[in-house]
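Biologist: Could we go through this model together? I would like to begin with the packing and then turn to the helices.
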Amino acid sequence: MESLEQLPQLEQLCERLYNAQDHAERKHAEIVLAVFSSSSEYAPQCKAILDNSSSPYAQLLASSSLLKVVTDLGVSKDLLLDVRNYTLGYLANRGPNCQVFVVTSLIQLLSRTTKLGWFDDDQYQDIVDDAKRLLGMNSLDHYLLGLRVLNQLVAEMNQPLPGRSLTQHRKCAVSFRDIGLLSIFQTSLSSLREFASNMHDQNGDRIKEQAISLALKCLCFDFVGTSLDDSNEDLGTIQVPSAWRSVMEEPKTMQLFFEIYGLTQPPLSNQAVECLVRFACVRRSLFASEQERNAYLRNLINGTREILVTQKGLGEHANYHEFCRLLGRLKTNYQLSELVGVENYADWIQRVAEFTIKSLMSWQWASNSVYYILGLWSRLVSSMPYLRGNKPSLLDRYVPKITEAYITSRLDSVQLVLQNPAVEDMLENEEQLQEQFDCLPFLCRFQYEDLSKYLCSLADPLVKGFTDCSSLQAGSDASQLIVLEGQLTWIVYIIGAVIRGRLNSSSAESQESIDGELAARVFALLRVMDTGFHTGRYATRSRQRLDKAILSFFQNFRRVYVGEQAIHSSKVYGPLKEHVGIQDHVTALDIIVNKIATNLRVFPQCEELIDLTLTLFQDLAAGYMSGKLLIKLNAINYLLSHHTQDHFPFLTEADNTRHRTTFYATLGRLLFMDDTPGKFKAFVTPFQQVFLAMEAHADDMARFRSEQVRDTLIGLFRDLRGLTMATNSRRNYAMLFDWLYPDRMPLVRRTLEAYTDTPAVTTPLLKFFAEFVLNKTQRLAFEASSPNGIKLFWETSKIIVAHGTRVLQLQGVQDVYTQKYKGMALCFTILLRGLAGNYVNFGVFELYGDPSLNDALDVTLRLSLSIPLNHLMSYQKLARSYFQLLEVLAHNHTAFLVARDAATFRHIGTSLETGMKSLDVTISSQCAAAVDSLAGFYFNNVVNGETQTPATQAFVSHVRENPTIFPSILKTLFEIVLFEDCSNQWSLSRPILSLILVNEQVYADLKMQIIASQPGDRQPRLASCFEKLMDKISRTLEPKNRDKFTQNLTIFRHDFRAKK
């Protein structure tokens, strides 16, 4: 905008920018107006727009452009202070007349400039007084404006800015906390006192809303840099500064928020309770003595008790939810002995118990809040062993009632949900169930014997009714059975959760027989679940949920009474033997395994149950003791000899293809526990038949690419990957290798050639091969006289070349990641594992003129060159595999890399520099290691080298043609180490020394650039720091010299950042 005459046109553009319905029109306006945020030179024009335009959209453009300039581009100190003062004056003079969205943007600009310039001028630190002057201008609009400024200021100071280090943020936040936060909190309190009951019009409500929001932001401030997340319910204590002591100890402070709660409606009332939640978490050490802390607790107890007596506001869900949080936090920060000592404790605990029971009964309204009050009771019960003194806790009076109310309300909910489908079914909310079942064991085991009798009295008639239903005829009315299945689901879940509680129970041994009584009910139910009429119920949701509950029970039962944690003489098996004939954990394990096999047969189309079943199976096999027990069972021997889709139809379902890998990894683990060749051959016979069938079709492309063959191949390679994952020893791997190589490898290559354009086939194949070449637990340690390592790499090279050359020819793909990059990433991983597996001497290939290694490396580099850098960095798995491979190549095959053509070398250097800027620490460390290897090779073989090889000559040529590669990387490394918070400083420091030694003149020039970029008064000190960086550093890359440089760099970085 060159003159005010153009203002009307600009206002029209701004209106189009924010209001236009047409995308092209809005895009055009955005492009034209982007100039205002492109440079600090446009700051005067932005101010001119604010001064002269009455269009709120033009004002918004100007303020948002200034905000972007000061945040992203950086401005001089003088301009930053000028923008700050201008914005403050503008708000004071014209703020009340501006639109709300304009005021919001201006306040954000004021807060941002204040934060950025906090240490540059004392005027910035006067912001609290400036805001208070707005409060004192005898205008409600200005008063509201002042509160909004303070709200945004606290939020801004508490939130790290992108592009600024965490150290800079914390330094500013701590200074703000010490200078102004308490004053702001006191301002919010005085505002609440003044307007809480005096004004009930719209302005009064807006002021109260800003005041309560301000108080909450102050209490939520990150006082000590722990980055507390209020969504984390395990929040311990709030580290309120000691300067706040008098305000927090003053009873009127807390009472004010209880009064606000009583006088207002949501959202003000629930925000008041949020503030009280923070009050309940104030650190113990804040108080001058225990007397003050006890008085503080007494005020909290009396305040919550008053709400429970009057029930004021609890009909509002927002209030109710926050009040449950408040009750839950009371035990988090106070001991039971402290609560018991409060004067009105008996009445308070009674009312909390009544409130809890009422909440449990009102589950359809309060289901999201129950977790907090259950957590309160579970923590109270957990503290009972540590309670000292004569004052009764009264928990024995209320906890059993609460537990019974929980159980009965859950059983009753089943019928209500069936009658009213609009009501949310709690059994469908997995996260909520888990939260509640984490608390439940403590309550149930408090008076365990009585509770178990109650649970058995509920379970027995349900199990009997379920048993009777097994004799129903096909086609019978199942409405009552649906209710039984739902209620039994709750019973089984609860019993499982209670049994898991044994791990945390101090009187566990004496309660084991009670565990047995409860578990017997579940095992009795299990006897009839897969008989009679019930066998026709597998497709119904209520039956599937019951089986989910059974699997949950098995997981809990096995953790306590099967395998590693099992006690052979456990008393749990007494009642189990008496009721259901289970005499020890071997018998129990046999029943569990039979249920696993049954589920895999009868639930082929329920992916959720298949997943849970296989997870249980995998967990059982993973344990050393439980695994040894499993291989003795007839059911496992049956599984190992009948594992095909003829016996387990879930293997044929498309939704379960991923689970095939888990299934065969588990079976393979069990197979290799008793690693006899005969058993292995019998196990892989079905696979061999599949291989032969597929090989018969391999020459007929039309049949080989048919849907049936495709699905078979997908399943085959998923199965083989699982089996390969299970080989953890040389002997096991050798059996698998000898079976697969060389007879089965032609089909693998043929599949890659035929299905290049079908990632659904190639991805499982490449994942299998990536697992096959992985030398985990040294399983690929072949005999010294064996050529198998070289043979395996031959196949690796053939696989990479076969897939890579064809992928490079694919054009016009729709999903570039799935169809190209995913396979490329797997090729990178396969080559990486082959190169780093330490089972091949790669010098042999060059010695005997074998092209396998060079072919694989060449195709891999061609693949990498075909990936644009922005794509590479956009897909994390692709980037990780690429840079991990590049690190190995740079370290072990440097000569090959530097011998590539100039374009390839330039691409490698550019990608390494880009990777070092990644926020992924693993990637940046890998890039640093690769650069260190390359620079070290250049220093040792070119700078200090006596003879020139073709590789070193090529390297010199590359550096001559691309003279900015090493200097650019060195500059990037210095910028990261000096200006950013990098957790991998050690890794990044290694290539810095190598790059300095490669060309010390480049380092000298870069050093002068960094010094010149700093203010004049800091340049001498910074120059001194640079001199110390190379203090006692010799011109070598010996380990001791490297370590000394790393130490110097750490000191230099600290001194540099301390003087910023």
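Modeller: One term first: contact means heavy atoms within 4.5 Å. Please also note that this is a predicted model.

Biologist: Leaving aside its neighbours within four places in sequence, which residues is Trp377 in contact with?
Modeller: With those neighbours left aside, Trp377 is in contact with Ile349, Val352, Ala353, Thr356, Leu395, Tyr398, Val399, Ile402 and Leu443.

Biologist: How many residues does the largest nonpolar core have?
Modeller: That core has 364 residues, and Trp377, Phe557 and Phe974 are those with the most contacts inside it. Helix α23 (residues 479-500) supplies the largest share of this core, 13 residues.

Biologist: Staying with that helix, is Thr489 buried or exposed?
Modeller: Thr489, which lies in helix α23, has a relative accessible area of 1% and is therefore buried, the limit being under 20%. Apart from neighbours within four places in sequence, Thr489 is in contact with Leu427, Ser542, Arg545, Leu546 and Ala549.

Biologist: Changing topic, at what angle do the axes of α12 and α13 cross?
Modeller: The axes of α12 (residues 251-263) and α13 (residues 268-279) cross at roughly 155° and come within 8 Å. Angles over 145 degrees count as roughly antiparallel, so that is how α12 and α13 run to each other. The crossing of α12 past α13 is left-handed.

Biologist: And which residues of α12 and α13 meet there?
Modeller: From α12, Thr253, Met254, Phe257, Phe258, Ile260 and Tyr261 meet Ser269, Ala272, Val273, Cys275, Leu276 and Phe279 of α13. The residues of this contact comprise 10 nonpolar, 2 polar and no charged.

Technical notes
Residues numbered from 1 in each chain as written. Predicted model: local features only at pLDDT ≥ 70, side-chain atom pairs only at ≥ 80, totals over all residues. Heavy atoms only, no water. Axes fitted to C-alpha atoms, helices over the stretch in contact; angles between N-to-C directions. Helix = DSSP H or I, 4+ residues; strand = E, 2+ residues; numbered from the N terminus. Parallel < 35°, antiparallel > 145°, perpendicular 65-115°, else oblique. Left-handed = near helix turned anticlockwise from the far one by under 90°. Nonpolar A, V, L, I, M, F, W, Y, C, P; charged D, E, K, R; others polar. Core = buried A, V, L, I, M, F, W, Y, C linked by side-chain atoms within 4.5 Å. Buried < 20%, exposed > 50% of the residue type's maximum accessible area, 1.4 Å probe, protein only.
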